[in-house]
Amino acid sequence: MLRAGEWQVDVSNSSVDIVLIGGGVMSATLASMLQIVRPSWSIAMYERAESVATESSGEWNNAGTGHAGLCELNYTPPQPDGSVSTTKALAVNAQFQESLGYWSHLVQAGILPEPGAFIRSVPHISYVTGDKDVDFLRARYEALHRDFAYRSMVYSEDRDVLTEWAPLMFQGRSGDAPVAMTRAIAGTDVNFGELTRQLVTSAANSGLDLFTRHEVTDLQKTATGWRVTVKNLTDGTTSQVDTRFVFVGAGGAAILLLQKSGIAEAKGYGGFPVSGQFFRCTNPELIAQHDAKVYGQPQLNAPPMSMPHLDTRVVNGEQVLLFGPFAGFEPRFLKAGSLFDLFKSIKPNNLKTYLSVAKDEFGLTTYLIKQVMLSHTAEMDVLRDFLPEAQDSDWQLHKAGMRVQTLKPGPNGRGKLEFGTEVVTAADGSIAGLLGASPGASTAVSIMLQILERCFPDVDLADSLGDIFTQRLTGAAPSENDRLAHEDVIRDVLGLEGYGSAI
Ligand SMILES: Cc1cc2nc3c(=O)[nH]c(=O)nc-3n(C[C@H](O)[C@H](O)[C@H](O)COP(=O)(O)OP(=O)(O)OC[C@H]3O[C@@H](n4cnc5c(N)ncnc54)[C@H](O)[C@@H]3O)c2cc1C
C-alpha cells in the first residue's frame, strides 16, 4: 500500500492528484498550501453553487470576527474558585496568529493581492452588566492581560471611559447598574468571503481546476485512492474522477459525504444544524457612531457560538453594523441544502449518538425552540440590552449561514455534542474531512496544517512555508524579540494599525 506522501503524479482526463469538495475558506486554504508544498500536483475543486464562498464562508453568512479570544467570553469559562480558565482563549489566539502569519506570507508572495479587502483592525470589546459578570470580567482581564497576546487589552468600569469606547451603547442608558468592558485594539474584522475568492483565484491562476455548479454525489474507495462521482448541475450529466486524495470541505454537508465514503473513522458521527439570523442596521447615522465588535454574555443554555454581539464590519468597502446571532433550528446542513439533510444523516451506526444527545441536551433543544419562537419585539429587547435607544425601524433581519454541530460518538455508543472543529482522517491518509464550525474560519490555517501533517507526512512544511511555522513544528517558544518582530511584519503586511502587543 502506498503511504501518504509517497504518491506519484498521474494525470489523465479522468484523474487528478487532489480533489477538493467545496469552495469555502477551508478548501481554498488547503489548495493554497498544496500549491506551495507540491506545485506539480493537479488539483480539482468541485463546488455545487454558482461560485465559491456562498455558504458559511460568504461575508454575509458569518460574523467576520478574527477569533483570538480578545472579546469572546465563552473561551474563558469561570472556575468554581472565582478564577477563569484561559486555556481555550490562548489556544484560539495561537491558532489565529498562525492564520495572520500565513496570510502575511501569501501577501508577500503575491498570492493574496489585496489584504485590505479581507482584513482590517477593529477594536474587540467584551461587555457585561451586573455585579457577578463584572467580577468575572475583571478576573478574566487579570488572567489574560499578563500574557503577551493580550497586552493591548484594557479594562474599565468607568462610564465616561466606556462611553468613549462605545458611545452608541451609552445613549439613553439610565440607572447605575454595574457595567464593565475590556477593549483590545489588536482585534480584527475579516471578510472570509473575499479571502476565499482571492485564494481560489490565485490557485486557479496557478493551475487549479475549479468546477462550479458541480456536486459530488458519491465516493468509492479504489486501490490507489478514491473514485469521485460528480454531477454537473447545469446539464445534469454525471462523471467520475480518480484521485489519490480527497478533502471533504463541504461545510455542514461534510458529514453526509464522509458517511458515503464508508471510512471507519466517520462511523458513529452525526450533525446537529443550528441556523442563525442577524439584525442589520439600516440607519447610516447609527452605523457611523459605532466602531467595535462588542461581545456580551450568552443566554442560559445558549450554544457557545450564540453570544450576542454588536459588530462593526466593512463588507466590500461598505461599513455595516450587525447584531446577533439569533440561533434557530432548520433540518438542512447548508443554507441552500435540503430539508431532508438531517434525516439522511441518521444511520444505524449513529442512531445511538443522536438519541443520547437528544436526551442529554434537553436544555439546548429548549433554548433553540424558544429562539425560533422569539418574536421581533423580543429580539429587539435583546438588542436594547446593548443599545437602549434601538428603534425597530432601524433594524432588518437577515439570514446567516448554517452551523452543523458535531455529534461525536463516545464510549458505549453514547454521543456528545461538540462545539469545536473535528478533523476526520482515514488511517491511510487518503481522505480527510472537517466537521463542526467553531472557532471556524479564523483557524482555517491551523486546521489545514493539521491535515497536511496527518495526510502528507513527507511534506517538509518548515522548509516550504518558511519561518512562520518553525515554532509550531519544533515546539520551541520564540523569544519576545522574535514575537515582536513577527508582529511588526504582520502589522505592516496586512495593514493592521491596531495589531501587536507593543502598541
Ligand atoms: C452565523 C455564523 C457566524 C460565524 N461567525 C464566524 C466568525 O465570526 N469568525 C469565524 O472565524 N468563523 C465564523 N463562522 C464559522 C465559519 O464561517 C466557518 O467555519 C467556515 O466558513 C467554514 O468554511 P468551510 O469551507 O468548511 O465551509 P463553507 O464555507 O460552508 O463551504 C462549503 C462549500 O461546500 C459546498 N458543498 C457542499 N456539499 C457539496 C457537494 N456535495 N459537492 C460540491 N460542493 C459542495 C457548499 O456549497 C459550500 O460552498 C461563522 C459561521 C456562521 C454560520
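Asp-209 lies in strand S8 of this predicted model. Asp-209 has 13 other C-beta atoms within 10 Å; because a residue counts as exposed at 12 or fewer and as buried at 20 or more, Asp-209 is partly exposed.

Helix H5 itself takes in residues 192-205. At 1.5 Å a residue, its 14 residues should span 20 Å, and the end C-alpha atoms are 20 Å apart, so the two values agree. Eleven of the 14 residues of H5 are buried, and the helix is therefore largely enclosed by the rest of the structure. Among these buried residues are Phe-192, Leu-195, Leu-199 and Val-200, and the list also includes Glu-194 and Arg-197. Just after H5, Gly-207 takes a positive phi of about 115°.

**Helix H6**

Helix H6 covers residues 254-261. Six of its eight residues are buried, so H6 is largely enclosed by the rest of the structure. The buried residues are Ala-254, Ile-255, Leu-257, Leu-258, Gln-259 and Ser-261. Just after H6 comes Gly-262, with a positive phi of about 75°.

| Helix | Residues | Buried residues | Glycine just after, with positive phi |
|---|---|---|---|
| H5 | 192-205 | Eleven of the 14 | Gly-207, about 115° |
| H6 | 254-261 | Six of the eight | Gly-262, about 75° |

**The shell around the ligand**

The ligand has 42 residues around it, of which Gly-22, Gly-24, Ser-57, Gly-251 and Gly-440 come nearest. Helix H1 (25-37), strand S2 (43-47) and strand S9 (214-221) are the elements that give two or more residues to this shell. H1 gives the most, with three residues. By residue type, the shell divides into 19 nonpolar, 18 polar and five charged.

**The chain as a whole**

The chain holds 15 helices and 20 strands. Its radius of gyration is 23 Å, close to the 23 Å that the globule rule gives for 503 residues, so the chain is as compact as a globular protein of that length. Along the principal axes, the C-alpha atoms fill a box of roughly 70 × 50 × 45 Å. Of the 503 residues, 49% count as buried. Among contacts with a separation of 6 or more, residues 24 or more positions apart account for 74%.

**Gly-495**

Towards the end of the numbering, Gly-495 lies in the segment after helix H15 (480-494). With 14 C-beta neighbours inside 10 Å, Gly-495 counts as partly exposed. Leaving aside neighbours within four places in sequence, Gly-495 is in contact with Pro-115 and Gly-116. The C-alpha atoms of Gly-495 and Leu-286 are separated by 26 Å, and these residues are 209 apart along the chain.

**Confidence**

The mean pLDDT of the chain is 89, and 91% of its residues reach 70 or more. Over residues 1-12, pLDDT stays under 50. For that stretch the model has 21 contacts beyond four places in sequence.

Definitions and conventions:
Residues are numbered from 1 along each chain as its sequence is written. This is a predicted model: local features need pLDDT of at least 70, side-chain atom pairs count only at pLDDT 80 or more; totals for chains, interfaces and linings use all residues. A residue is near a molecule or strand if its C-beta atom, placed from the backbone, lies within 6 Å of it. Helices (H or I, at least four residues) and strands (E, at least two) are DSSP runs, numbered from the N terminus. Ala, Val, Leu, Ile, Met, Phe, Trp, Tyr, Cys and Pro count as nonpolar, Asp, Glu, Lys and Arg as charged, and the others, Gly among them, as polar. The expected span of a helix is 1.5 Å times one less than its number of residues. The radius of gyration is taken over C-alpha atoms; the globule rule is 2.2 Å times the number of residues to the power 0.38. Two residues are in contact if their C-beta atoms, placed from the backbone, lie within 7 Å. pLDDT is the predictor's confidence in each residue, from 0 to 100.
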